[in-house]
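I opened my notebook for another model today. Here is what I looked up, in the order I got to it.

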Amino acid sequence: MAGLGDLVAACLIEKDVDSDVLWTWSYPTITETFPQVLLRKCCLKTDKEEIIPFCFGQFNKQWFYIYTSEVKNSDALNKVTHVALTLLAKDFCPEKYKSLCKIMCNKFIETGDASAMLEPYLSVITKGSCPNGDDGLLIVKDFDPRLSYVASPISAVINIFGVETILIYTALLLKKKVVVYSPKIETILDICRALPLLVWHRQNWSILYPYVHLEDEELEKLTANITYVAGFTDASVESKTELYDLFVNVAAGEISIAPDARETFQMGKIHKDIAMFMVDAAKNQEYNDQKLVKELSVKTKDLVNNLKKLAVESEEGGKARITLEALKQRKLTPVVENFLFNLAAAEGLV
(Lines give C-alpha, C1' and ligand atoms only; values in the text may rest on other atoms or scores of the structure.)
Protein backbone atom coordinates (compact mmCIF):
# COMPACT_ATOMS: atom_id res chain seq x y z
CA MET A 1 0.00 0.00 0.00
CA ALA A 2 1.38 3.44 -0.94
CA GLY A 3 2.61 5.56 1.94
CA LEU A 4 1.62 9.14 2.71
CA GLY A 5 4.45 11.10 1.14
CA ASP A 6 2.70 14.45 1.55
CA LEU A 7 3.17 14.48 5.34
CA VAL A 8 5.95 16.90 6.32
CA ALA A 9 6.08 17.20 10.12
CA ALA A 10 4.24 16.83 13.42
CA CYS A 11 4.34 19.40 16.25
CA LEU A 12 3.00 19.50 19.80
CA ILE A 13 1.86 22.47 21.89
CA GLU A 14 0.83 22.07 25.55
CA LYS A 15 -1.03 24.26 28.02
CA ASP A 16 -0.33 23.59 31.68
CA VAL A 17 -2.19 24.19 34.93
CA ASP A 18 -0.50 27.61 35.25
CA SER A 19 -1.94 28.61 31.83
CA ASP A 20 1.51 28.64 30.26
CA VAL A 21 1.47 27.60 26.58
CA LEU A 22 4.63 25.88 25.40
CA TRP A 23 5.98 24.45 22.17
CA THR A 24 7.21 21.09 23.44
CA TRP A 25 7.98 18.78 20.52
CA SER A 26 8.29 18.44 16.77
CA TYR A 27 9.38 15.75 14.36
CA PRO A 28 11.35 16.41 12.30
CA THR A 29 12.70 19.86 13.13
CA ILE A 30 10.81 22.67 11.36
CA THR A 31 11.82 26.19 10.31
CA GLU A 32 12.04 28.95 12.92
CA THR A 33 9.04 30.92 11.63
CA PHE A 34 6.51 28.10 11.83
CA PRO A 35 6.40 27.70 15.65
CA GLN A 36 5.38 31.34 16.12
CA VAL A 37 2.72 31.06 13.43
CA LEU A 38 1.28 27.85 14.88
CA LEU A 39 1.31 29.16 18.45
CA ARG A 40 -0.74 32.07 17.13
CA LYS A 41 -3.15 29.78 15.27
CA CYS A 42 -3.85 27.33 18.06
CA CYS A 43 -6.61 28.48 20.40
CA LEU A 44 -4.60 27.87 23.56
CA LYS A 45 -2.85 31.26 23.63
CA THR A 46 -6.02 33.35 23.52
CA ASP A 47 -7.77 34.77 26.56
CA LYS A 48 -11.00 33.08 25.50
CA GLU A 49 -11.82 29.77 27.15
CA GLU A 50 -13.46 28.46 23.97
CA ILE A 51 -11.62 25.51 22.48
CA ILE A 52 -11.58 25.11 18.71
CA PRO A 53 -11.26 21.33 18.23
CA PHE A 54 -9.90 21.52 14.69
CA CYS A 55 -8.70 24.18 12.29
CA PHE A 56 -6.50 24.35 9.24
CA GLY A 57 -4.77 26.79 6.92
CA GLN A 58 -1.81 27.38 4.67
CA PHE A 59 1.46 29.16 5.30
CA ASN A 60 4.56 29.25 3.14
CA LYS A 61 3.11 26.71 0.66
CA GLN A 62 2.45 24.15 3.39
CA TRP A 63 -0.86 23.17 4.94
CA PHE A 64 -1.22 23.04 8.72
CA TYR A 65 -3.89 21.03 10.52
CA ILE A 66 -4.35 21.71 14.25
CA TYR A 67 -6.27 19.32 16.50
CA THR A 68 -6.86 20.56 20.07
CA SER A 69 -8.01 18.39 22.96
CA GLU A 70 -8.64 18.83 26.67
CA VAL A 71 -6.60 16.48 28.84
CA LYS A 72 -8.80 14.50 31.23
CA ASN A 73 -8.00 11.61 33.55
CA SER A 74 -4.42 11.26 32.39
CA ASP A 75 -1.97 10.24 35.12
CA ALA A 76 0.88 10.80 32.68
CA LEU A 77 -0.13 14.44 32.05
CA ASN A 78 -1.49 15.56 35.43
CA LYS A 79 -0.03 19.08 35.00
CA VAL A 80 -1.30 19.55 31.44
CA THR A 81 -4.79 20.88 30.74
CA HIS A 82 -4.83 20.95 26.92
CA VAL A 83 -2.74 19.77 23.99
CA ALA A 84 -2.73 20.93 20.39
CA LEU A 85 -1.24 18.61 17.81
CA THR A 86 -0.33 20.06 14.42
CA LEU A 87 0.43 18.17 11.24
CA LEU A 88 2.19 19.94 8.37
CA ALA A 89 1.52 18.55 4.91
CA LYS A 90 1.80 19.34 1.21
CA ASP A 91 -1.81 18.53 0.32
CA PHE A 92 -5.29 19.82 1.15
CA CYS A 93 -7.33 17.09 2.85
CA PRO A 94 -8.67 18.26 6.24
CA GLU A 95 -10.69 15.13 6.94
CA LYS A 96 -7.69 12.82 6.45
CA TYR A 97 -5.39 14.83 8.67
CA LYS A 98 -8.02 15.41 11.35
CA SER A 99 -8.37 11.63 11.68
CA LEU A 100 -4.61 11.15 11.94
CA CYS A 101 -4.30 14.04 14.40
CA LYS A 102 -6.92 12.47 16.65
CA ILE A 103 -5.14 9.10 16.67
CA MET A 104 -1.78 10.68 17.49
CA CYS A 105 -3.23 13.02 20.10
CA ASN A 106 -4.97 10.16 21.92
CA LYS A 107 -1.68 8.24 21.93
CA PHE A 108 0.06 11.14 23.62
CA ILE A 109 -2.66 11.74 26.22
CA GLU A 110 -2.67 8.05 27.05
CA THR A 111 1.11 7.71 27.44
CA GLY A 112 2.42 11.21 28.12
CA ASP A 113 5.25 10.34 25.75
CA ALA A 114 5.51 12.41 22.57
CA SER A 115 7.63 9.75 20.90
CA ALA A 116 4.65 7.36 21.11
CA MET A 117 3.03 9.47 18.38
CA LEU A 118 5.78 8.47 15.98
CA GLU A 119 4.35 4.99 15.59
CA PRO A 120 1.16 6.06 13.73
CA TYR A 121 3.00 8.98 12.07
CA LEU A 122 5.70 6.79 10.54
CA SER A 123 3.22 4.03 9.78
CA VAL A 124 1.11 6.20 7.48
CA ILE A 125 4.25 7.49 5.76
CA THR A 126 5.69 4.05 5.07
CA LYS A 127 2.60 1.81 4.86
CA GLY A 128 -0.24 4.21 4.07
CA SER A 129 -2.18 3.12 7.15
CA CYS A 130 -2.12 2.93 10.95
CA PRO A 131 -4.31 1.50 13.73
CA ASN A 132 -7.09 3.93 14.62
CA GLY A 133 -7.44 2.86 18.25
CA ASP A 134 -10.89 1.31 17.69
CA ASP A 135 -9.75 -2.08 16.40
CA GLY A 136 -9.68 -0.66 12.90
CA LEU A 137 -7.33 1.06 10.48
CA LEU A 138 -6.93 4.55 9.15
CA ILE A 139 -6.18 3.94 5.48
CA VAL A 140 -4.81 6.89 3.52
CA LYS A 141 -6.25 5.85 0.17
CA ASP A 142 -9.77 5.91 1.65
CA PHE A 143 -9.58 9.71 1.68
CA ASP A 144 -10.31 10.98 -1.83
CA PRO A 145 -9.01 14.57 -2.10
CA ARG A 146 -11.92 15.45 -4.40
CA LEU A 147 -14.30 14.75 -1.51
CA SER A 148 -12.41 17.36 0.51
CA TYR A 149 -13.10 19.83 -2.30
CA VAL A 150 -16.87 19.33 -2.03
CA ALA A 151 -17.12 18.96 1.77
CA SER A 152 -18.59 22.46 2.19
CA PRO A 153 -21.69 23.22 0.07
CA ILE A 154 -21.44 26.17 -2.31
CA SER A 155 -25.24 26.47 -2.16
CA ALA A 156 -24.87 27.69 1.44
CA VAL A 157 -22.67 30.55 0.20
CA ILE A 158 -25.13 31.41 -2.58
CA ASN A 159 -28.02 31.45 -0.12
CA ILE A 160 -26.14 33.95 2.07
CA PHE A 161 -25.19 36.41 -0.67
CA GLY A 162 -27.82 35.80 -3.33
CA VAL A 163 -27.15 37.43 -6.71
CA GLU A 164 -24.05 39.14 -5.28
CA THR A 165 -22.36 35.72 -5.37
CA ILE A 166 -21.60 36.65 -8.98
CA LEU A 167 -18.99 39.07 -7.61
CA ILE A 168 -17.14 36.17 -5.94
CA TYR A 169 -17.48 34.08 -9.11
CA THR A 170 -16.04 36.93 -11.18
CA ALA A 171 -13.18 37.53 -8.75
CA LEU A 172 -12.14 33.88 -8.79
CA LEU A 173 -12.63 33.51 -12.54
CA LEU A 174 -10.39 36.53 -13.17
CA LYS A 175 -7.86 35.38 -10.54
CA LYS A 176 -8.32 38.33 -8.19
CA LYS A 177 -7.71 38.62 -4.46
CA VAL A 178 -10.63 37.80 -2.15
CA VAL A 179 -10.70 38.39 1.59
CA VAL A 180 -13.40 36.71 3.68
CA TYR A 181 -14.28 37.91 7.18
CA SER A 182 -16.21 36.29 10.02
CA PRO A 183 -15.53 36.45 13.77
CA LYS A 184 -15.96 32.66 13.94
CA ILE A 185 -13.09 30.54 12.68
CA GLU A 186 -15.34 27.56 11.93
CA THR A 187 -17.49 29.75 9.65
CA ILE A 188 -14.42 31.13 7.88
CA LEU A 189 -13.09 27.65 7.18
CA ASP A 190 -16.43 26.40 5.83
CA ILE A 191 -17.01 29.40 3.57
CA CYS A 192 -13.45 29.68 2.25
CA ARG A 193 -13.07 26.02 1.32
CA ALA A 194 -16.33 26.16 -0.66
CA LEU A 195 -15.45 29.15 -2.84
CA PRO A 196 -13.14 27.39 -5.36
CA LEU A 197 -16.17 25.28 -6.31
CA LEU A 198 -17.32 28.33 -8.28
CA VAL A 199 -14.40 27.74 -10.68
CA TRP A 200 -14.45 23.94 -10.61
CA HIS A 201 -12.82 23.72 -14.05
CA ARG A 202 -9.52 24.62 -12.36
CA GLN A 203 -9.89 22.40 -9.26
CA ASN A 204 -7.28 24.54 -7.53
CA TRP A 205 -7.51 24.67 -3.74
CA SER A 206 -3.94 25.96 -3.39
CA ILE A 207 -5.40 29.49 -3.63
CA LEU A 208 -6.91 28.98 -0.16
CA TYR A 209 -5.42 30.73 2.87
CA PRO A 210 -8.44 30.24 5.11
CA TYR A 211 -6.94 31.26 8.46
CA VAL A 212 -4.71 34.34 8.34
CA HIS A 213 -3.67 36.82 11.01
CA LEU A 214 -2.72 40.43 10.36
CA GLU A 215 0.93 39.76 11.10
CA ASP A 216 3.79 40.80 8.83
CA GLU A 217 5.25 37.35 8.16
CA GLU A 218 1.84 35.96 7.22
CA LEU A 219 0.83 38.91 5.05
CA GLU A 220 4.18 38.84 3.26
CA LYS A 221 3.65 35.21 2.23
CA LEU A 222 0.01 35.84 1.35
CA THR A 223 0.52 38.89 -0.87
CA ALA A 224 3.30 37.16 -2.80
CA ASN A 225 0.46 35.33 -4.58
CA ILE A 226 -1.30 36.77 -7.62
CA THR A 227 -4.66 35.38 -6.53
CA TYR A 228 -6.04 33.97 -3.28
CA VAL A 229 -9.01 33.43 -1.00
CA ALA A 230 -7.92 34.53 2.48
CA GLY A 231 -9.94 34.16 5.67
CA PHE A 232 -9.66 36.51 8.66
CA THR A 233 -11.41 36.73 12.03
CA ASP A 234 -10.17 40.29 12.65
CA ALA A 235 -12.74 42.86 11.48
CA SER A 236 -10.04 45.50 10.95
CA VAL A 237 -8.95 43.67 7.80
CA GLU A 238 -11.73 45.52 5.96
CA SER A 239 -9.69 48.73 6.16
CA LYS A 240 -6.67 47.00 4.58
CA THR A 241 -7.88 47.52 1.01
CA GLU A 242 -4.41 46.76 -0.35
CA LEU A 243 -5.03 43.11 0.60
CA TYR A 244 -8.07 42.53 -1.59
CA ASP A 245 -10.07 43.27 -4.70
CA LEU A 246 -13.22 41.87 -3.10
CA PHE A 247 -14.20 41.86 0.58
CA VAL A 248 -16.71 39.23 1.68
CA ASN A 249 -18.29 39.98 5.06
CA VAL A 250 -20.01 36.75 6.07
CA ALA A 251 -21.20 38.15 9.40
CA ALA A 252 -23.09 40.99 7.67
CA GLY A 253 -23.97 39.05 4.52
CA GLU A 254 -22.39 41.80 2.42
CA ILE A 255 -19.78 42.01 -0.33
CA SER A 256 -17.79 45.15 -1.16
CA ILE A 257 -15.36 46.00 -3.93
CA ALA A 258 -12.02 47.71 -3.31
CA PRO A 259 -11.97 51.21 -4.87
CA ASP A 260 -9.15 50.34 -7.28
CA ALA A 261 -10.98 47.25 -8.56
CA ARG A 262 -14.37 48.68 -9.47
CA GLU A 263 -13.78 48.51 -13.21
CA THR A 264 -13.10 44.77 -12.99
CA PHE A 265 -16.52 44.12 -11.46
CA GLN A 266 -18.76 45.91 -13.93
CA MET A 267 -21.62 43.54 -14.70
CA GLY A 268 -23.07 42.64 -18.11
CA LYS A 269 -25.60 40.14 -19.46
CA ILE A 270 -23.14 37.26 -19.05
CA HIS A 271 -22.90 37.98 -15.33
CA LYS A 272 -26.66 38.40 -14.92
CA ASP A 273 -27.42 35.07 -16.57
CA ILE A 274 -24.90 33.17 -14.43
CA ALA A 275 -26.02 34.99 -11.26
CA MET A 276 -29.65 34.04 -11.84
CA PHE A 277 -28.70 30.44 -12.59
CA MET A 278 -26.77 30.15 -9.30
CA VAL A 279 -29.57 31.68 -7.21
CA ASP A 280 -32.28 29.57 -8.82
CA ALA A 281 -30.23 26.36 -8.60
CA ALA A 282 -29.36 26.93 -4.92
CA LYS A 283 -33.07 27.21 -4.10
CA ASN A 284 -34.18 24.36 -6.35
CA GLN A 285 -34.76 21.17 -4.34
CA GLU A 286 -34.11 19.11 -7.46
CA TYR A 287 -30.52 20.41 -7.51
CA ASN A 288 -27.95 19.01 -5.15
CA ASP A 289 -24.57 20.70 -4.78
CA GLN A 290 -22.90 18.28 -7.17
CA LYS A 291 -25.36 19.11 -9.95
CA LEU A 292 -25.07 22.84 -9.29
CA VAL A 293 -21.28 22.78 -9.46
CA LYS A 294 -21.29 20.59 -12.56
CA GLU A 295 -23.70 22.80 -14.50
CA LEU A 296 -21.94 25.98 -13.43
CA SER A 297 -18.65 24.44 -14.59
CA VAL A 298 -20.21 23.62 -17.98
CA LYS A 299 -21.33 27.24 -18.36
CA THR A 300 -17.86 28.45 -17.44
CA LYS A 301 -16.15 26.07 -19.86
CA ASP A 302 -18.52 27.15 -22.64
CA LEU A 303 -17.62 30.76 -21.90
CA VAL A 304 -13.88 30.01 -22.06
CA ASN A 305 -14.19 27.83 -25.17
CA ASN A 306 -16.19 30.49 -27.01
CA LEU A 307 -13.57 33.03 -26.01
CA LYS A 308 -10.82 30.81 -27.44
CA LYS A 309 -12.55 30.95 -30.81
CA LEU A 310 -11.82 34.69 -30.90
CA ALA A 311 -8.07 34.10 -30.73
CA VAL A 312 -6.03 35.34 -33.70
CA GLU A 313 -2.70 34.21 -35.10
CA SER A 314 0.17 36.60 -34.47
CA GLU A 315 2.37 37.79 -37.30
CA GLU A 316 5.35 36.13 -35.62
CA GLY A 317 3.49 32.81 -35.58
CA GLY A 318 3.12 30.59 -32.53
CA LYS A 319 0.06 30.23 -30.31
CA ALA A 320 -3.11 32.09 -31.30
CA ARG A 321 -3.99 34.76 -28.74
CA ILE A 322 -6.81 37.04 -27.72
CA THR A 323 -6.12 40.68 -28.51
CA LEU A 324 -8.03 43.79 -27.53
CA GLU A 325 -8.21 44.72 -31.20
CA ALA A 326 -9.89 41.42 -32.07
CA LEU A 327 -12.47 41.96 -29.33
CA LYS A 328 -13.18 45.51 -30.50
CA GLN A 329 -13.95 44.19 -33.98
CA ARG A 330 -16.80 42.21 -32.44
CA LYS A 331 -18.46 45.51 -31.46
CA LEU A 332 -19.13 44.29 -27.92
CA THR A 333 -20.23 46.59 -25.14
CA PRO A 334 -17.31 48.09 -23.18
CA VAL A 335 -18.31 46.03 -20.10
CA VAL A 336 -18.29 42.71 -21.96
CA GLU A 337 -15.12 43.60 -23.86
CA ASN A 338 -13.29 44.43 -20.64
CA PHE A 339 -14.54 41.26 -18.91
CA LEU A 340 -13.58 38.97 -21.80
CA PHE A 341 -10.10 40.45 -22.10
CA ASN A 342 -9.53 40.04 -18.35
CA LEU A 343 -10.80 36.46 -18.59
CA ALA A 344 -8.46 35.79 -21.50
CA ALA A 345 -5.57 37.08 -19.37
CA ALA A 346 -6.60 34.85 -16.46
CA GLU A 347 -6.78 31.80 -18.74
CA GLY A 348 -3.39 32.53 -20.31
CA LEU A 349 -4.84 33.43 -23.70
CA VAL A 350 -3.22 36.85 -24.21
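Predicted model: local features only at pLDDT ≥ 70, side-chain atom pairs only at ≥ 80, totals over all residues.

I started with the largest nonpolar core, which holds 127 residues, and found that Ile 154, Ile 168 and Val 180 touch the most other members. A nonpolar core here is a set of buried Ala, Val, Leu, Ile, Met, Phe, Trp, Tyr and Cys residues joined through side-chain atoms within 4.5 Å. Buried means under 20% relative accessible area, exposed over 50%, and partly exposed in between, with a 1.4 Å probe and protein chains only. Helix H2 (residues 94-111) gives the most to this core, with 8 residues.

Residues are numbered from 1 along each chain as its sequence is written, and side-chain values use heavy atoms, with hydrogens and water left out.

Next I asked which residues Ile 168 touches, not counting those up to four places away in sequence. My list reads Val 157, Phe 161, Leu 195, Leu 198, Leu 246, Val 248 and Ile 255; contact means heavy atoms within 4.5 Å.

Then I turned to the sheets. I looked up the terms: strands (E, at least two residues) and helices (H or I, at least four) are DSSP runs numbered from the N terminus, and two strands pair if DSSP finds at least two bridges between them.

Strands E8 (residues 177-181) and E11 (residues 246-249) run parallel, joined by 4 bridges. Val 179 stands opposite Phe 247 in E11. Axes are lines fitted to C-alpha atoms, for helices over the stretch in contact, and angles run from 0 to 180 degrees between N-to-C directions.

The other sheet I checked is open and antiparallel, with 5 strands in the order E2-E1-E5-E4-E3. Its neighbouring strands are turned by 20° against each other on average, direction ignored. I found 6 bridges joining E3 to strand E4 (residues 62-70), and Gly 57 has Phe 64 in E4 as its bridge partner.

Last, I noted the totals: 12 helices and 12 strands, and 49% of the 350 residues buried.
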